[in-house]
Amino acid sequence: MSDKKTEIPFAGTAEQERQLNAVIAEHKEQEGALMPVMQKAQEIYGYLPIEVQKMIAAGLNIPLEQVYGVSTFYSQFNLEPKGEHLIRVCMGTACYVRGSQDILTELERELKIEAGHTTPDGRFTLEATRCLGCCGLAPVIMIDDDVFGRLTPAAIKDIVAKYRK
């Protein structure tokens, strides 16, 4: 697997920028405005690309480094857009000892992305998570709201194919 990350081009609209500027104007003079502005920006855009972070920094008159630092510190913020389908692989203890790392590796191979990233076509986001609460079905993945348990790497190709249709 390559360490090279696929860049997804920023596709913000004038309407989204107008909405963000309104949020910035509403919070600009408030103490602690950065978090609520960033949360609202993520609602507007779905994620916080560097272009949006620059708009926030300029609008609040704070260093870009401060915005970036907050966006990378808190797990609630996404620096990449989420895919149409979110695939979460449980890496909790029960799943891990029953082979979830092999499941994750097979998903990375099948989707041609690493965990934490989105496919270039925007169809899938792959995430490794701590626990999905389905320990009796280990190893488990969730695709959107669908749970798949007692998995083997061989099952991954057919499961993903259902969501490609």
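**A walk through helices, loops and a surface patch**

Helices H6 and H7 cross each other in a right-handed way. Keep in mind as you look around that this is a predicted model. H6 covers residues 100-111 and H7 covers residues 156-164. How do we describe such a pair? Two packed helices are described by the angle between their axes and the distance between the axes. Here the axes come within 10 Å and cross at roughly 45°. H6 and H7 are therefore oblique to each other, because an angle between 35 and 65 degrees belongs to neither the roughly parallel nor the roughly perpendicular group.

Now follow the chain into the loop between H6 and strand S2 (117-118), where you will find Lys112. Lys112 is not a glycine, and yet its phi is positive, at about 60°. Most residues other than glycine have a negative phi, and most peptide bonds are trans. Lys112 has a relative accessible area of 67%, so it counts as exposed.

Asn61 sits in the loop between H3 and helix H4 (64-73), and it is exposed, with a relative accessible area of 69%.

For a peptide bond to look at, go to Ala138 and Pro139: the bond from one to the other is cis, with omega near -5°. Pro139 belongs to the loop between strand S3 (124-129) and strand S4 (141-143).

Finally, turn to the surface. Ile50, Tyr68 and Leu79 make up a nonpolar patch there, and together they have about 250 Å² of accessible area. Ile50 is part of helix H3 (residues 50-60). Its relative accessibility is 36%, so Ile50 counts as partly exposed.

Methods: Residues are numbered from 1 along each chain as its sequence is written. This is a predicted model: local features need pLDDT of at least 70, side-chain atom pairs count only at pLDDT 80 or more; totals for chains, interfaces and linings use all residues. Side-chain values use heavy atoms; hydrogens and water are left out. Patches are made of residues with over 30% relative accessible area and no salt bridge: like charges are joined within 9 Å, nonpolar side chains (Val, Leu, Ile, Met, Phe, Trp, Tyr) within 5 Å. Accessible areas come from the Shrake-Rupley method with a 1.4 Å probe; for residues, only the protein chains shown count as cover. A salt bridge is a side-chain nitrogen of Lys or Arg within 4 Å of a carboxyl oxygen of Asp or Glu. Helices (H or I, at least four residues) and strands (E, at least two) are DSSP runs, numbered from the N terminus. Buried means under 20% relative accessible area, exposed over 50%, partly exposed in between (1.4 Å probe, protein chains only). Axes are lines fitted to C-alpha atoms, for helices over the stretch in contact, and angles run from 0 to 180 degrees between N-to-C directions. Angles under 35 degrees count as roughly parallel, over 145 as roughly antiparallel, 65 to 115 as roughly perpendicular and the rest as oblique. A crossing is left-handed if the near helix is turned anticlockwise from the far one by less than a right angle, and right-handed if clockwise.
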